[in-house]
Amino acid sequence: MSTPPPASGAARADGSSVRLGALVPLTRPGWTEAGRHLLAGLELAVLEANAAGGIGGRPLELVVRDTAADPRRAAAAVDELARLGAVALAGEYHSVVARAAAARADALGLPFLCSSAVLDALTEQPADRVARLAPPQSRGWRIYADFLLGAGHSRIAVAAEPSVYWASGARILRDRLVPRGATVDELDARTLSPTALCDELVARRTTALLLLAGHPEPAVPIVTAVRRDRRLREILIGAPAGQPEFAGWAALPGGAGAAIPFLRYLPERLGPLGVRVGAALRERLAEEPSFVAFEGYDTVAVLADVLRSHGTDRAGIGASWPRVAVEGTRGQIRFSRTPGTGVWQWAGAPVQVVDRDPAQPGRFRILHTG
């Protein structure tokens, strides 16, 4: 391994690597499927950057740390990566973890490009060194609410677990739906058994149940119970956070993971770069790449462009966000200040509502775009 670079992240002339820190959930209770896809995208982009000459002839090195969905572990990893001389941070999927990482990175003056977390207020105070690719939760979840109304659903229940992320999502849905005549009932997914939850749905005459709960527990047992309950044959199950994106849902018995609309961040049609990267990711993962894999790739593509254009000094990287113009796999990436987020935000990220086709669970159907 190369000698760790100076803590300042200053450029060196000795030909050693340029280090990027990567925060990824690779072990439980982190969502490991998402972490595996995120890491595949990050690693593919690093390989391609190095094949193209690296950063001024120096190789780009990805130093990966497992966050396991633990905010304290993520903050400690940021400290470690800063000491190892990482010039910037990339990655993370879980919003509450990304929030802890962003706060620590900003305090240390370490640029952080967050790949996939969506919680609106990624930092409590405006943070000049933090940028994000995924759309804010309020944008995506409002689009999801519009889809529900357009599909004729006005009696909606959410099966929710306690967390900042789920509470934020429930609030966004309620604020969008209730003024338009819908009802939104909140059911505690932690205390209600799947059977008791089904009874509540029947009593409330619910037409759409949204899973604001962890994967696979308790989301999968809830889906299984609802699918088996003959009283609820007409109910729509939804998962705005994107649980059915990953292959495990296609394998649920009896096709239970199909016809569950969720949010994903892909365009209706990928361009040439997206098609090429998608094929490479498919080979790397041995399955269809999720939008999270594309987010990982785009993260490093942006950072590699910034490092080539603005150098490896941390302050210069952090000051470069408003000048970024990079063709990513899902469109041109530019950052702007979006109210309520505290960070530099890609405002043009595509948003879809999709589900898995019951007749062919490996195929996705686009139901709504925004």
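Ala 69 is partly exposed, with a relative accessible area of 22%, where partly exposed denotes a value between buried (under 20% relative accessible area) and exposed (over 50%), computed with a 1.4 Å probe on protein chains only. The structure is a predicted model, in which local features require pLDDT of at least 70 and side-chain atom pairs count only at pLDDT 80 or more, while totals for chains, interfaces and linings use all residues. Residues are numbered from 1 along each chain as its sequence is written, and side-chain values use heavy atoms, with hydrogens and water left out. Ala 69 belongs to the loop between β2 (60–66) and α2; helices (H or I, at least four residues) and strands (E, at least two) are DSSP runs, numbered from the N terminus. Phi of Ala 69 is near 60 degrees, a positive value in a residue other than glycine. A positive phi is likewise found at Arg 205, near 55 degrees. Arg 205 is located in the loop between α6 and β8, and its relative accessibility of 57% means that it counts as exposed.

Two cis peptide bonds are described here. One joins Arg 28 and Pro 29, with omega about 5 degrees, and Pro 29 is situated in the loop between β1 (18–24) and α1. Another joins Glu 217 and Pro 218, with omega about 0 degrees; Pro 218 is situated in the loop between β8 and α7.

Helix packing was examined next. Two packed helices are described by the angle between their axes and the distance between the axes. Axes are lines fitted to C-alpha atoms, for helices over the stretch in contact, and angles run from 0 to 180 degrees between N-to-C directions. The axes of helix α2 (residues 71–83) and α3 come within 8 Å and cross at roughly 30 degrees. This crossing of α2 and α3 is right-handed, the near helix being turned clockwise from the far one by less than a right angle. Within helix α2, Ala 74 is buried, with a relative accessible area of 0%. Ala 74 touches Thr 67, Val 97 and Ala 101, residues up to four places away in sequence not being counted; contact means heavy atoms within 4.5 Å.

The axes of helix α1 (residues 32–51) and helix α9 (residues 291–310) come within 7 Å and cross at roughly 35 degrees, and this crossing is also right-handed. Among the residues that make the contact are Leu 38, Gly 41, Leu 42 and Ala 45 of α1 and Gly 296, Tyr 297, Val 300 and Ala 304 of α9. The contact of α1 with α9 divides into 13 nonpolar, four polar and two charged residues.

Helix α5 (residues 164–177) has 14 residues and should span 20 Å at 1.5 Å a residue, in agreement with the 20 Å between its end C-alpha atoms; the expected span is 1.5 Å times one less than the number of residues. Buried residues of α5 include Tyr 165, Trp 166, Ile 172 and Leu 173. Their cover includes α3 (95–108), α4 (137–150), β6 (155–160), β7 (183–188) and β8 (208–212). In helix α7 (residues 219–228), the buried residues include Val 220, Ile 222 and Val 223, and the buried residues of α7 pack against β6, α6 (194–203), β8 and β9 (236–238).

Phe 262, in strand β10 (residues 262–264), is buried, with a relative accessible area of 0%. Phe 262 and Val 353 are 91 residues apart in sequence but 5.4 Å apart in space, C-alpha to C-alpha. Beyond residues up to four places away in sequence, Phe 262 touches residues including Tyr 144, Pro 240, Val 353 and Phe 364. Thr 341 lies in the loop between β13 (335–337) and β14 (344–346) and counts as buried at 0% relative accessibility.

Key
Nonpolar A, V, L, I, M, F, W, Y, C, P; charged D, E, K, R; others polar.
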